[in-house]
Amino acid sequence: MADSSTRTDFPARTDSPARTDSLSRTDSPSRTEAPSLVDAQVLGRLVTELQVRGVVDPAIAGNQGRRGGAGPSDHRALTINGTTVMVPVYNAVSQDSPFQLQQDASGAVAVADRAGAGLAAVTAPAEPAFYGLSTADGTPYKAIALLHGRDVLATTLLQTCIRFRDRSQSCQFCAIEQSLEDGRTVVRKTPAQVAEVAEAAVRLDGVRQLVMTTGTPNSDDRGARLMAETAAAVKAKVAIPIQGQCEPPDDPIWYQRMKDAGIDSLGMHLEVVEPEVRRRILPGKAELTLERYFAAFEQAVAVFGRGQVSTYLLAGLGDSAQSLIACSERLIQIGVYPFVVPFVPIAGTPLQHHPAPSTDFMVGVYGAVAALLRASDISAEAMAAGCAKCGACSALSLFETAPDPKA
Ligand code: SF4
(Lines give C-alpha, C1' and ligand atoms only; values in the text may rest on other atoms or scores of the structure.)
Protein backbone atom coordinates (compact mmCIF):
# COMPACT_ATOMS: atom_id res chain seq x y z
CA MET A 1 0.00 0.00 0.00
CA ALA A 2 1.37 3.42 -0.93
CA ASP A 3 2.08 5.78 1.87
CA SER A 4 -0.43 8.57 1.90
CA SER A 5 1.69 11.00 3.89
CA THR A 6 3.73 13.68 2.19
CA ARG A 7 6.90 15.52 3.04
CA THR A 8 4.94 18.70 3.53
CA ASP A 9 3.93 17.26 6.92
CA PHE A 10 7.47 18.02 8.08
CA PRO A 11 8.89 21.34 9.16
CA ALA A 12 9.33 23.61 6.14
CA ARG A 13 12.38 22.65 4.17
CA THR A 14 15.35 24.91 3.62
CA ASP A 15 18.41 24.52 1.48
CA SER A 16 20.53 23.97 4.54
CA PRO A 17 20.61 20.48 6.02
CA ALA A 18 19.43 21.44 9.49
CA ARG A 19 15.71 21.87 9.97
CA THR A 20 14.73 20.45 13.33
CA ASP A 21 15.33 23.63 15.27
CA SER A 22 11.64 23.82 16.23
CA LEU A 23 11.98 20.47 17.99
CA SER A 24 13.11 20.50 21.58
CA ARG A 25 13.38 17.07 23.13
CA THR A 26 15.71 15.61 25.67
CA ASP A 27 17.44 12.40 24.78
CA SER A 28 15.79 9.05 25.15
CA PRO A 29 15.44 7.28 27.50
CA SER A 30 15.70 10.02 30.12
CA ARG A 31 13.05 12.31 28.71
CA THR A 32 12.63 14.58 31.65
CA GLU A 33 11.52 17.72 29.82
CA ALA A 34 7.94 17.63 28.61
CA PRO A 35 7.98 18.49 24.91
CA SER A 36 5.37 20.75 23.42
CA LEU A 37 2.59 18.91 21.61
CA VAL A 38 3.72 20.28 18.24
CA ASP A 39 7.36 19.32 18.85
CA ALA A 40 6.55 15.77 19.93
CA GLN A 41 4.09 15.21 17.10
CA VAL A 42 6.48 16.59 14.46
CA LEU A 43 9.36 14.47 15.73
CA GLY A 44 7.17 11.39 16.15
CA ARG A 45 5.86 11.69 12.61
CA LEU A 46 9.31 12.29 11.14
CA VAL A 47 10.75 9.26 12.97
CA THR A 48 7.82 7.14 11.81
CA GLU A 49 8.28 8.27 8.21
CA LEU A 50 11.97 7.39 8.29
CA GLN A 51 11.34 4.01 9.95
CA VAL A 52 8.71 2.87 7.45
CA ARG A 53 10.46 4.18 4.33
CA GLY A 54 14.12 3.87 5.32
CA VAL A 55 16.95 6.08 4.13
CA VAL A 56 19.51 5.77 1.34
CA ASP A 57 22.87 5.69 3.12
CA PRO A 58 26.09 6.33 1.21
CA ALA A 59 27.99 4.60 4.07
CA ILE A 60 28.22 7.67 6.28
CA ALA A 61 30.90 7.07 8.94
CA GLY A 62 29.87 5.85 12.38
CA ASN A 63 28.28 2.73 13.83
CA GLN A 64 27.10 0.89 10.70
CA GLY A 65 24.27 -0.94 12.46
CA ARG A 66 23.42 -4.51 11.55
CA ARG A 67 22.12 -6.75 8.80
CA GLY A 68 20.09 -9.88 9.54
CA GLY A 69 19.79 -11.38 12.99
CA ALA A 70 16.81 -11.54 15.34
CA GLY A 71 14.16 -8.84 15.60
CA PRO A 72 14.18 -5.50 13.76
CA SER A 73 17.30 -5.33 11.60
CA ASP A 74 18.92 -3.99 8.41
CA HIS A 75 19.12 -0.61 10.13
CA ARG A 76 21.55 1.82 11.75
CA ALA A 77 21.25 4.33 14.58
CA LEU A 78 20.69 8.02 13.89
CA THR A 79 20.24 10.77 16.45
CA ILE A 80 17.63 13.38 15.55
CA ASN A 81 17.23 16.33 17.84
CA GLY A 82 18.64 14.38 20.77
CA THR A 83 16.58 11.22 20.22
CA THR A 84 18.36 8.12 18.90
CA VAL A 85 16.34 5.87 16.63
CA MET A 86 17.03 2.90 14.36
CA VAL A 87 16.36 3.58 10.67
CA PRO A 88 16.39 0.95 7.89
CA VAL A 89 19.31 1.45 5.48
CA TYR A 90 20.10 -2.04 4.15
CA ASN A 91 16.75 -3.49 3.03
CA ALA A 92 14.98 -3.12 -0.33
CA VAL A 93 12.54 -0.46 0.89
CA SER A 94 15.33 1.85 1.96
CA GLN A 95 17.03 1.66 -1.45
CA ASP A 96 13.89 3.21 -2.97
CA SER A 97 13.35 5.67 -0.14
CA PRO A 98 12.56 9.30 -0.92
CA PHE A 99 15.13 10.16 1.77
CA GLN A 100 18.91 10.07 1.79
CA LEU A 101 21.71 10.81 4.20
CA GLN A 102 24.11 13.49 3.03
CA GLN A 103 27.23 15.00 4.53
CA ASP A 104 28.56 18.49 3.83
CA ALA A 105 32.17 19.63 3.70
CA SER A 106 32.19 20.36 7.44
CA GLY A 107 31.15 16.77 8.17
CA ALA A 108 27.60 17.69 9.25
CA VAL A 109 25.06 14.98 8.37
CA ALA A 110 21.44 15.55 7.39
CA VAL A 111 18.42 13.64 6.17
CA ALA A 112 17.59 15.17 2.80
CA ASP A 113 15.16 14.46 0.01
CA ARG A 114 16.49 12.83 -3.15
CA ALA A 115 16.95 16.29 -4.71
CA GLY A 116 19.34 17.16 -1.88
CA ALA A 117 17.13 19.56 0.09
CA GLY A 118 17.80 19.17 3.81
CA LEU A 119 14.95 18.05 6.08
CA ALA A 120 16.60 17.44 9.44
CA ALA A 121 20.07 17.52 10.94
CA VAL A 122 21.16 14.14 12.32
CA THR A 123 24.24 12.65 13.90
CA ALA A 124 25.44 9.12 13.34
CA PRO A 125 26.64 7.61 16.64
CA ALA A 126 30.27 6.51 16.49
CA GLU A 127 31.38 2.89 16.63
CA PRO A 128 31.77 1.96 20.28
CA ALA A 129 35.26 1.37 21.66
CA PHE A 130 34.45 -2.20 22.72
CA TYR A 131 34.13 -3.19 19.02
CA GLY A 132 37.93 -3.01 18.87
CA LEU A 133 38.41 -5.76 21.48
CA SER A 134 38.50 -9.55 21.33
CA THR A 135 38.30 -12.31 23.94
CA ALA A 136 41.39 -14.28 24.92
CA ASP A 137 40.42 -16.98 22.38
CA GLY A 138 40.29 -14.38 19.61
CA THR A 139 36.50 -13.91 19.32
CA PRO A 140 35.74 -10.26 18.46
CA TYR A 141 33.50 -8.64 21.07
CA LYS A 142 31.18 -7.46 18.30
CA ALA A 143 30.53 -11.09 17.34
CA ILE A 144 29.17 -11.53 20.88
CA ALA A 145 27.09 -8.37 21.35
CA LEU A 146 26.32 -5.14 19.50
CA LEU A 147 25.54 -1.59 20.48
CA HIS A 148 21.90 -0.79 19.74
CA GLY A 149 20.46 2.71 19.73
CA ARG A 150 22.56 4.99 21.90
CA ASP A 151 23.40 3.02 25.02
CA VAL A 152 21.98 -0.48 24.79
CA LEU A 153 24.09 -3.63 24.55
CA ALA A 154 22.18 -6.36 22.73
CA THR A 155 22.97 -10.01 22.15
CA THR A 156 21.29 -13.09 20.71
CA LEU A 157 22.46 -15.86 23.01
CA LEU A 158 21.52 -18.70 20.70
CA GLN A 159 21.70 -17.75 17.05
CA THR A 160 19.73 -20.80 15.89
CA CYS A 161 16.06 -21.61 16.38
CA ILE A 162 14.08 -24.85 16.30
CA ARG A 163 11.72 -23.21 13.84
CA PHE A 164 14.15 -21.47 11.48
CA ARG A 165 15.47 -24.26 9.25
CA ASP A 166 11.96 -25.11 8.04
CA ARG A 167 10.67 -21.94 6.41
CA SER A 168 7.13 -23.41 6.43
CA GLN A 169 7.33 -23.20 10.23
CA SER A 170 9.60 -20.23 10.90
CA CYS A 171 8.49 -16.70 11.63
CA GLN A 172 8.39 -15.28 8.11
CA PHE A 173 10.03 -11.94 8.99
CA CYS A 174 12.97 -13.42 10.90
CA ALA A 175 16.62 -13.47 9.80
CA ILE A 176 18.14 -15.00 12.93
CA GLU A 177 20.60 -17.35 11.21
CA GLN A 178 21.66 -14.97 8.41
CA SER A 179 24.37 -13.23 10.41
CA LEU A 180 25.63 -16.70 11.37
CA GLU A 181 25.99 -17.72 7.74
CA ASP A 182 27.90 -14.51 7.05
CA GLY A 183 30.33 -15.28 9.89
CA ARG A 184 29.51 -12.06 11.75
CA THR A 185 28.49 -13.77 14.96
CA VAL A 186 28.89 -17.02 16.87
CA VAL A 187 26.21 -19.63 17.25
CA ARG A 188 26.11 -19.67 21.02
CA LYS A 189 27.47 -17.00 23.33
CA THR A 190 28.66 -18.34 26.67
CA PRO A 191 27.65 -16.56 29.89
CA ALA A 192 31.34 -15.70 30.49
CA GLN A 193 31.66 -14.12 27.03
CA VAL A 194 28.56 -11.97 27.46
CA ALA A 195 29.68 -10.89 30.94
CA GLU A 196 33.12 -9.94 29.62
CA VAL A 197 31.67 -7.82 26.81
CA ALA A 198 29.06 -6.22 29.09
CA GLU A 199 31.72 -5.14 31.57
CA ALA A 200 33.79 -3.55 28.79
CA ALA A 201 30.78 -1.88 27.14
CA VAL A 202 29.74 -0.29 30.43
CA ARG A 203 33.28 0.83 31.26
CA LEU A 204 34.35 2.06 27.81
CA ASP A 205 31.12 3.20 26.18
CA GLY A 206 28.70 4.09 28.97
CA VAL A 207 26.21 1.37 28.05
CA ARG A 208 23.21 1.52 30.39
CA GLN A 209 21.27 -1.68 29.80
CA LEU A 210 21.59 -5.16 28.34
CA VAL A 211 18.96 -6.77 26.12
CA MET A 212 19.31 -10.54 25.64
CA THR A 213 17.22 -12.41 23.14
CA THR A 214 17.52 -15.95 21.84
CA GLY A 215 16.43 -18.30 19.14
CA THR A 216 14.15 -20.93 20.66
CA PRO A 217 16.03 -24.08 21.70
CA ASN A 218 14.50 -27.55 21.65
CA SER A 219 13.81 -27.60 25.38
CA ASP A 220 10.81 -27.04 27.64
CA ASP A 221 12.33 -23.91 29.16
CA ARG A 222 12.30 -22.22 25.68
CA GLY A 223 15.58 -20.44 26.40
CA ALA A 224 14.82 -19.35 29.97
CA ARG A 225 17.70 -21.43 31.36
CA LEU A 226 20.16 -19.75 29.02
CA MET A 227 18.76 -16.35 30.04
CA ALA A 228 19.13 -17.12 33.74
CA GLU A 229 22.67 -18.52 33.47
CA THR A 230 23.84 -15.54 31.43
CA ALA A 231 22.17 -12.95 33.66
CA ALA A 232 23.86 -14.44 36.72
CA ALA A 233 27.28 -14.27 35.04
CA VAL A 234 26.74 -10.67 33.90
CA LYS A 235 25.47 -9.44 37.26
CA ALA A 236 28.48 -11.04 38.98
CA LYS A 237 30.71 -8.85 36.85
CA VAL A 238 28.83 -5.59 36.30
CA ALA A 239 25.72 -3.90 37.70
CA ILE A 240 23.56 -3.30 34.65
CA PRO A 241 19.78 -3.66 34.17
CA ILE A 242 18.93 -6.68 31.99
CA GLN A 243 15.95 -7.61 29.87
CA GLY A 244 15.56 -11.24 28.82
CA GLN A 245 13.47 -12.19 25.80
CA CYS A 246 12.15 -15.71 25.15
CA GLU A 247 9.03 -17.68 24.35
CA PRO A 248 6.83 -18.60 27.32
CA PRO A 249 8.52 -21.50 29.15
CA ASP A 250 6.37 -24.56 29.79
CA ASP A 251 6.94 -24.40 33.57
CA PRO A 252 6.21 -20.99 35.13
CA ILE A 253 8.89 -21.63 37.77
CA TRP A 254 11.31 -20.24 35.19
CA TYR A 255 9.98 -16.70 35.67
CA GLN A 256 11.17 -16.72 39.29
CA ARG A 257 14.43 -18.40 38.34
CA MET A 258 15.13 -15.73 35.72
CA LYS A 259 14.32 -12.95 38.17
CA ASP A 260 16.44 -14.48 40.91
CA ALA A 261 19.33 -14.76 38.44
CA GLY A 262 19.27 -11.02 37.77
CA ILE A 263 16.82 -10.45 34.92
CA ASP A 264 14.97 -7.22 35.65
CA SER A 265 12.38 -7.25 32.90
CA LEU A 266 11.05 -9.86 30.49
CA GLY A 267 9.94 -9.74 26.87
CA MET A 268 7.68 -12.42 25.38
CA HIS A 269 6.72 -11.44 21.89
CA LEU A 270 3.32 -11.88 20.32
CA GLU A 271 4.45 -10.14 17.09
CA VAL A 272 0.99 -10.32 15.45
CA VAL A 273 -2.43 -10.90 16.94
CA GLU A 274 -5.28 -11.87 14.58
CA PRO A 275 -5.63 -15.69 14.20
CA GLU A 276 -5.27 -15.68 10.39
CA VAL A 277 -2.30 -13.31 10.53
CA ARG A 278 -0.62 -15.42 13.21
CA ARG A 279 -1.02 -18.60 11.12
CA ARG A 280 0.38 -16.87 8.03
CA ILE A 281 3.25 -14.95 9.63
CA LEU A 282 4.20 -17.30 12.52
CA PRO A 283 3.13 -20.76 11.33
CA GLY A 284 5.17 -22.56 14.00
CA LYS A 285 4.88 -20.17 16.90
CA ALA A 286 1.11 -19.81 16.32
CA GLU A 287 0.79 -23.25 17.92
CA LEU A 288 1.11 -21.30 21.17
CA THR A 289 -2.32 -19.70 21.24
CA LEU A 290 -3.03 -16.11 22.15
CA GLU A 291 -4.66 -17.37 25.34
CA ARG A 292 -1.50 -19.32 26.20
CA TYR A 293 0.47 -16.08 25.82
CA PHE A 294 -1.94 -14.15 28.02
CA ALA A 295 -1.73 -16.81 30.73
CA ALA A 296 2.07 -16.56 30.49
CA PHE A 297 1.95 -12.76 30.69
CA GLU A 298 -0.09 -12.93 33.90
CA GLN A 299 2.35 -15.42 35.43
CA ALA A 300 5.31 -13.25 34.43
CA VAL A 301 3.76 -10.02 35.73
CA ALA A 302 3.15 -11.75 39.06
CA VAL A 303 6.94 -12.22 39.32
CA PHE A 304 8.46 -9.20 37.54
CA GLY A 305 5.76 -6.67 38.42
CA ARG A 306 3.40 -4.48 36.41
CA GLY A 307 5.21 -2.65 33.64
CA GLN A 308 8.27 -4.94 33.71
CA VAL A 309 6.92 -7.37 31.12
CA SER A 310 6.60 -6.35 27.48
CA THR A 311 5.71 -7.73 24.09
CA TYR A 312 6.46 -6.75 20.51
CA LEU A 313 3.55 -5.98 18.22
CA LEU A 314 4.75 -5.78 14.61
CA ALA A 315 2.34 -3.44 12.83
CA GLY A 316 1.87 -3.73 9.08
CA LEU A 317 1.64 -7.49 8.60
CA GLY A 318 -2.14 -7.68 8.27
CA ASP A 319 -3.52 -6.90 11.72
CA SER A 320 -6.04 -4.08 11.65
CA ALA A 321 -5.45 -0.95 13.69
CA GLN A 322 -8.47 -1.93 15.80
CA SER A 323 -6.97 -5.37 16.56
CA LEU A 324 -3.63 -3.89 17.55
CA ILE A 325 -5.24 -1.25 19.76
CA ALA A 326 -7.67 -3.72 21.38
CA CYS A 327 -4.84 -6.16 22.09
CA SER A 328 -2.72 -3.34 23.51
CA GLU A 329 -5.57 -2.34 25.81
CA ARG A 330 -5.87 -5.89 27.12
CA LEU A 331 -2.10 -6.10 27.61
CA ILE A 332 -1.92 -2.80 29.48
CA GLN A 333 -4.76 -3.91 31.76
CA ILE A 334 -2.71 -6.88 32.94
CA GLY A 335 0.49 -4.82 33.24
CA VAL A 336 2.25 -5.69 29.97
CA TYR A 337 3.80 -2.95 27.83
CA PRO A 338 2.75 -3.31 24.15
CA PHE A 339 5.86 -2.29 22.20
CA VAL A 340 4.32 -1.40 18.85
CA VAL A 341 6.92 -1.37 16.08
CA PRO A 342 6.53 -0.90 12.33
CA PHE A 343 7.29 -4.07 10.40
CA VAL A 344 10.62 -3.62 8.59
CA PRO A 345 11.10 -6.10 5.72
CA ILE A 346 14.53 -7.70 6.08
CA ALA A 347 16.56 -8.68 3.01
CA GLY A 348 16.71 -12.44 2.42
CA THR A 349 13.54 -13.33 4.36
CA PRO A 350 10.25 -14.57 2.86
CA LEU A 351 8.78 -11.13 3.61
CA GLN A 352 11.62 -9.10 2.12
CA HIS A 353 9.29 -7.55 -0.47
CA HIS A 354 6.28 -7.20 1.84
CA PRO A 355 5.33 -3.52 2.02
CA ALA A 356 6.05 -1.63 5.21
CA PRO A 357 3.03 0.01 6.88
CA SER A 358 2.13 3.59 5.99
CA THR A 359 3.07 6.48 8.21
CA ASP A 360 -0.60 7.36 8.69
CA PHE A 361 -1.39 3.80 9.86
CA MET A 362 1.48 3.86 12.35
CA VAL A 363 0.71 7.33 13.67
CA GLY A 364 -2.93 6.31 14.21
CA VAL A 365 -1.95 3.19 16.19
CA TYR A 366 0.76 5.04 18.14
CA GLY A 367 -1.65 7.81 19.13
CA ALA A 368 -4.28 5.40 20.42
CA VAL A 369 -1.85 3.11 22.27
CA ALA A 370 0.01 6.09 23.73
CA ALA A 371 -3.26 7.46 25.11
CA LEU A 372 -3.96 4.09 26.75
CA LEU A 373 -0.46 4.07 28.24
CA ARG A 374 -0.77 7.63 29.56
CA ALA A 375 -3.98 6.64 31.33
CA SER A 376 -2.27 3.60 32.90
CA ASP A 377 0.36 2.99 35.55
CA ILE A 378 2.97 1.62 33.11
CA SER A 379 5.37 3.45 30.81
CA ALA A 380 8.48 2.95 28.72
CA GLU A 381 10.45 5.17 31.06
CA ALA A 382 9.51 3.14 34.16
CA MET A 383 10.76 -0.12 32.67
CA ALA A 384 14.04 -1.30 34.13
CA ALA A 385 15.43 -2.45 30.79
CA GLY A 386 14.42 -3.68 27.37
CA CYS A 387 13.32 -2.68 23.92
CA ALA A 388 10.43 -0.57 25.19
CA LYS A 389 12.84 1.27 27.48
CA CYS A 390 15.29 1.75 24.60
CA GLY A 391 12.51 2.71 22.22
CA ALA A 392 14.81 3.16 19.22
CA CYS A 393 12.87 0.83 16.91
CA SER A 394 9.56 2.64 17.38
CA ALA A 395 8.16 6.15 17.77
CA LEU A 396 5.67 4.98 20.41
CA SER A 397 7.50 6.47 23.38
CA LEU A 398 7.61 9.86 21.62
CA PHE A 399 3.82 9.79 21.35
CA GLU A 400 3.57 8.39 24.88
CA THR A 401 5.33 11.39 26.40
CA ALA A 402 3.56 13.97 24.23
CA PRO A 403 0.97 16.09 26.03
CA ASP A 404 -2.56 14.84 25.51
CA PRO A 405 -4.17 17.06 22.85
CA LYS A 406 -7.54 16.71 24.62
CA ALA A 407 -6.18 17.74 28.02
S1 SF4 B 1 14.35 -1.33 20.59
FE2 SF4 B 1 15.35 -3.32 21.03
S3 SF4 B 1 15.95 -4.14 19.02
FE4 SF4 B 1 15.52 -1.91 18.77
S5 SF4 B 1 17.51 -0.88 19.05
FE6 SF4 B 1 16.52 -0.89 21.05
S7 SF4 B 1 17.27 -2.76 22.04
FE8 SF4 B 1 17.72 -2.99 19.86
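Val47 counts as buried because 28 C-beta neighbours lie inside 10 Å, where buried stands for 20 or more other C-beta atoms within 10 Å of a residue's own, exposed for 12 or fewer, and partly exposed for what falls in between, with C-beta atoms placed from the backbone. The model is predicted, and local features need pLDDT of at least 70 while side-chain atom pairs count only at pLDDT 80 or more, whereas totals for chains, interfaces and linings use all residues. Residues are numbered from 1 along each chain as its sequence is written.

Val47 belongs to helix H1, which covers residues 37–53; helices are DSSP runs of H or I with at least four residues, strands are runs of E with at least two, and both are numbered from the N terminus. Leaving aside residues up to four places away in sequence, Val47 touches Ile80, Val85, Ala395 and Leu398, a contact being a pair of residues whose C-beta atoms, placed from the backbone, lie within 7 Å. Val47 and Ala392 are separated by 345 residues in sequence, yet their C-alpha atoms are 9.6 Å apart in space.

Asn81, in the loop between strand S1 (75–80) and strand S2 (83–88), has a positive phi of about 50° although it is not a glycine, and Asn81 is buried because 23 other C-beta atoms lie within 10 Å. Glu271, in the loop between strand S10 (265–267) and helix H7 (275–281), has a positive phi of about 70°, again without being a glycine, and Glu271 is buried because 23 other C-beta atoms are found within 10 Å.

For the chain as a whole, the protein has 12 helices and 12 strands, and 54% of its 407 residues count as buried. Among the contacts in the protein chain with a separation of 6 or more, 75% join residues 24 or more positions apart.

Note on methods:
Contact = placed C-beta atoms within 7 Å.
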